[in-house]
Every structure is written in structure tokens, then in C-alpha cells.
Amino acid sequence: MPAIAAATTADALEAVRAKYLGRAHGWLRDLSAHLGRLDKADRASAGRAFNEVRLRVESAFAARQAALAPARVAGAPPDPTMPARHTWAGAVHPVSQILDEMIEIFRELGFTIALGPETESPWYNFGALNFPADHPAMDLHDTLYINDDVLLRTHTSPVQVRTLQAYPPPIRVLIPGNVHRRDPFDASHAPTFAQVEGLVVDEGITFADLKATLNHFARRFFGAIRTRFRPSYFPFTEPSAEMDVVCGVCHGSGCSVCKQSGWIEILGSGLVHPAVLESAGVDSVKYTGWAFGMGPARTALARYGIPDIRILYDSDVRFLGQFAR
Ligand SMILES: [Zn+2]
């Protein structure tokens with residue numbers, strides 16, 4: 001039908017439908033009204049012809065309607081120019097990656113992992129670790145207290161005491177975990193941060209064991225060509241030492257990373273103070289030991305050249321995605 005074929009929009013087609021197929025005044029409707037007035041003899045053949053015309057008009061209309069209908073989304077062919085959907089894969093946080101590497105190196109040396117609670121009593125956090133009663137670290141300005149008897153541990157060292165109480169020497173443990181301090185959240189401080197420390201207690205342990213083990217670690221982890229130990233002070237070790245490695249950027253000649261010193265401080269260490277062994281119930285005449293502690297977040301800053309520690313806490317996938325393996 002030319003009128004149906006000429007309709008190029010759904011609205012135009014609807015106007016054609018109303019004209020020819022409409023129930024009220026459509027052309028076919030009017031035509032069927034005339035059929036009743038024909039002679040009986042002609043009525044049957046006229047009716048067949050009429051039905052033939054009606055079917056042809058209806059099918060032409062249906063075909064044109066289908067041609068003009070908008071394509072269904074489900075049936076639309078795929079568009080090869082669409083960008084691919086991004087596949088999300090989880091990644092290990094840079095601080096956790098560094099912690100995993102440290103743990104692996106010490107695991108090869110026979111260390112096992114020890115964990116402890118993040119809420120502690122003042123005795124485990126300070127008293128058992130030979131802090132004098134008036135030590136400034138115990139101050140409200142430095143330590144987060146839950147109440148008079150419970151605080152958030154300021155270091156992982158309480159786990160040294162708990163391990164010594166639970167197991168007899170020989171002991172070789174690595175103690176990773178989060179610690180909390182009343183520090184401002186700035187470019188180089190966070191109130192909550194990861195720490196990892198090691199403890200060795202056995203008969204005949206000396207400073208030579210400390211130096212040999214930590215030098216081995218520094219060579220494996222930092223690729224350090226040279227290390228040095230500087231005298232230091234901690235309440236829970238005697239003697240105590242800070243350990244430095246030669247700056248990996250300038251190899252000792254001085255640069256901005258090492259603040260022109262040629263060295264980068266990596267950890268604090270020392271021989272376990274006899275008072276710590278005794279407060280944990282270990283015979284300090286028979287047994288000696290050494291311990292160290294370091295901050296994986298600081299190590300991450302140095303290794304990746306990150307200028308602000310707060311970036312490690314932002315959970316920004318644009319930053320973290322760079323460390324996905
Ligand atoms: Zn340097």
C-alpha cells in the first residue's frame with residue numbers, strides 16, 4: 001500500500017492506520033458496512049475478497065510498524081569501539097609488602113612470628129620493659145590511655161615480655177603490629193603506624209650475634225654495602241645502638257635523601273636489659289639476648305621516595321595501584 005510505505009515516522013503511520021483500519025470511521029470499517037446490503041448470492045464471494053484485502057492491509061501495516069520501531073537494546077549488535085571494562089584486582093599495600101619482605105628474610109634465619117594485643121596494661125608497655133616510673137613516654141601527652149589501667153601500646157615490645165613469659169628460651173621471634181602514639185598527623189608522623197621488632201634470647205648470646213644478624217638483614221633487604229652502629233639509649237636494652245646503612249642514592253657522598261650525611265638510619269637495637277628478662281621470669285645470669293625495632297612505613301618512604309607519610313593512609317587507588325604486582 002503506497003500510503004503505508006510512504007509513512008516514515010510512527011506518528012505518520014498511526015494517521016494512516018486510523019484512516020484505513022480505524023474502528024470508528026476507517027475505510028475498511030465503512031466497506032464492511034456495505035457488505036450487509038449486497039444481494040445474498042454475491043455476499044459470500046464479496047466477503048472472501050474483502051477479507052483478502054483486509055489481511056493484506058493489516059500485514060502491510062504490521063510490517064511497516066516493525067520497520068519503524070526503534071531497535072531493542074537487548075538485540076543491538078555489540079559496539080567494538082566501546083572501551084573495555086576495567087578489571088579490578090586487589091593489591092598489597094606498600095607497607096605490608098615491606099613487612100612481608102622483612103618477615104621472609106628473618107623466617108629464613110629461623111625466626112617465628114609472635115603477635116600480641118594492641119591494648120595493654122601500663123606494666124607490659126612500660127614497667128616490665130624497665131621504663132623508670134617518671135619516664136616522659138608514659139605522659140598523657142605521648143600515650144593514649146583508655147583508662148588508668150589500659151592504654152594503646154606505644155610499641156610492639158610488650159610482646160617480648162609476653163613471649164618470654166609463655167615460652168622457655170631459646171627464642172627467636174619477629175613481632176609485627178600496629179602501635180599508637182599521641183602524635184600529630186603530619187608529613188612525617190602518624191598516630192597509628194606499623195612497627196616490627198625482633199627478639200633473640202638464648203645462652204651465650206652476645207652483641208656479635210646482633211651485628212651479624214642485622215648486617216645480614218641489611219645486605220638482603222637494602223642491598224647495603226656498608227653499615228654502622230652508633231651508641232644510643234633505650235630503657236629496655238643495654239648497651240643500645242642505632243643502625244645506619246650507607247645511603248643507596250649517593251653511596252655515602254651526601255644527598256637530600258640522607259640529609260647530606262651519607263647514612264640512613266634504619267633501626268634501633270641492643271642487648272636485652274637484664275631487668276626485662278627478670279621481670280618476665282627469665283634467669284638473666286643464664287640467658288642473654290638482643291632485640292631490634294624498626295618502622296616499615298618509614299622504610300617505605302625511603303625506598304619509594306614518598307614525601308609525605310599521610311599518603312600511605314589515604315587509600316587512594318591512584319597511588320596504591322602503582323604498587324600492584
Ligand atoms: Zn644520600
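What does the accessible surface of the protein come to, and what share belongs to carbon and sulfur atoms? The accessible surface is about 18900 Å², and 56% of it belongs to carbon and sulfur atoms. Accessible areas come from the Shrake-Rupley method with a 1.4 Å probe, and for residues only the protein chains shown count as cover.

## Basis of the model

This is a predicted model, in which local features need pLDDT of at least 70 and side-chain atom pairs count only at pLDDT 80 or more, while totals for chains, interfaces and linings use all residues. Residues are numbered from 1 along each chain as its sequence is written, and side-chain values use heavy atoms, with hydrogens and water left out.

## Overall architecture

The protein has eleven helices and nine strands; these are DSSP runs numbered from the N terminus, helices being H or I of at least four residues and strands being E of at least two. The radius of gyration is 41 Å, well over the 20 Å that the globule rule gives for 325 residues, so the protein is more spread out than a compact globule. This radius is taken over C-alpha atoms, and the globule rule is 2.2 Å times the number of residues to the power 0.38. Along the principal axes, the C-alpha atoms fill a box of roughly 135 × 50 × 35 Å.

Of the 325 residues, 37% count as buried (buried means under 20% relative accessible area, exposed over 50%, and partly exposed in between, with a 1.4 Å probe and protein chains only). Among contacts with a separation of 6 or more, residues 24 or more positions apart account for 64%; a contact means heavy atoms within 4.5 Å.

Seven strands form an open sheet in the order 1-4-5-9-8-7-6, with mixed pairing. Strand 1 (112-113) and strand 6 are the edge strands, each pairing on one side only. Two strands pair if DSSP finds at least two bridges between them. Strand 5 and strand 9 run antiparallel and are joined by seven bridges; Leu 199 stands opposite Ala 291 in strand 9.

## Strand 7 and its partners

Eight of the ten residues of strand 7 are buried, so this strand is largely enclosed by the rest of the structure. Strand 6 (residues 227-234) pairs with strand 7 (residues 237-246) in the antiparallel sense over seven bridges, and the two form a hairpin with two residues between them. Across this pairing, Ser 232 stands opposite Ser 240 and Arg 228 stands opposite Asp 244.

Strand 7 also pairs with strand 8 (residues 263-272), in the antiparallel sense over eight bridges. Here Glu 242 stands opposite Gly 268 in strand 8.

## Helix 7 and its packing

In helix 7 (residues 158-166), the buried residues are Pro 158, Val 159, Gln 160, Val 161, Thr 163 and Leu 164. The buried residues of this helix pack against several elements, including strand 4 (171-180), strand 5 (192-202), helix 9 (274-279) and strand 9 (288-294).

## An exposed loop proline

Pro 307 is found in the loop between helix 10 (296-304) and helix 11 (317-320). Pro 307 is exposed, with a relative accessible area of 68%. Pro 307 and Ser 188 are 119 residues apart in sequence and 8.5 Å apart in space, C-alpha to C-alpha.
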